Amino acid sequence: MKSFLTWIQGFALAWGGPGLLLIGFLDSSFLSLPEVNDLLVVFMVTRHKELLLYYAVMATIGSVLGCLALYLVARKGGEAFLRKRFKASHIERGLNLYQKYGLLVVIVPALLPPPAPFKIFVLLAGVARVPLWQFITAVFTARFIRYFGEGLLAVWYGDQAGAFIKENTAEAGLILAGLALAGGVGWILWRRRRRVVP
């Protein structure tokens, strides 16, 4: 497995943006390559700071395409597909969260670093038939914030950014998720208030 990861990283570095896109797709769909894309974004931006936006967008598009593949499989296979892979209690809890918080259930875990669970929420979005454009927008927004933020760290801290992310990933992810959650709850309350006011 280690040699495979080394090969994947070498491939991404050789191909630049398209390599990030491919790894993002694989990691967000049927493989699990935790933190590989995050660290590659940092490494590449450190060497080519002017390509920050390009690398962040390519990593984001790859992740969105990978999530879309899982979403479509779950949407076609339905709840039976999920029940073969996850405990019934986890599925029920996840579906209840979707009913209560909507797309925040996708946005918050998409911002969080590994090992925070994410793929189950992508699959649940397919089962819950979350509108496709909303799902894509939510994943794109969250992942772009994550990769662009890591790229900014690479611009500011250079080679030390990778070590900084490894040491502070959980804290940074929780801060981003907390901000997203606060914003989302505020938006939900604002919409409810608008419905009540005549």
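S29 counts as buried, with a relative accessibility of 4% (buried, under 20% relative accessible area; exposed, over 50%; partly exposed in between; 1.4 Å probe, protein chains only). The model is predicted, so local features need pLDDT of at least 70 and side-chain atom pairs pLDDT 80 or more, while totals for chains, interfaces and linings use all residues. Residues are numbered from 1 along each chain as its sequence is written, and side-chain values use heavy atoms, without hydrogens and water.

S29 sits in the loop between α2 (17-28) and α3 (36-47). A polar atom of the S29 side chain lies 2.6 Å from the backbone oxygen of F25. Beyond its neighbours within four places in sequence, S29 is in contact (heavy atoms within 4.5 Å) with G66, A69, L70 and K119.

α2 comprises 12 residues. Its first and last C-alpha atoms are 16 Å apart, close to the 16 Å expected at 1.5 Å a residue (1.5 Å times one less than the number of residues). Buried in α2 are G17, G19, L20, I23, G24, D27 and S28. They lie on the same side of α2, because they cover an arc of only 155° around the axis (taken from the directions from the helix axis to the C-beta atoms). An α-helix has 3.6 residues a turn, so residues three or four places apart point the same way.

The protein has 9 helices and 0 strands (DSSP runs numbered from the N terminus: helices, H or I, at least four residues; strands, E, at least two). Of its 198 residues, 42% are buried. Among contacts between residues at least 6 apart in sequence, 79% join residues at least 24 apart.

Technical notes: Polar contact = N/O pair within 3.5 Å; in protein donor to acceptor, adjacent residues only side chain to side chain.
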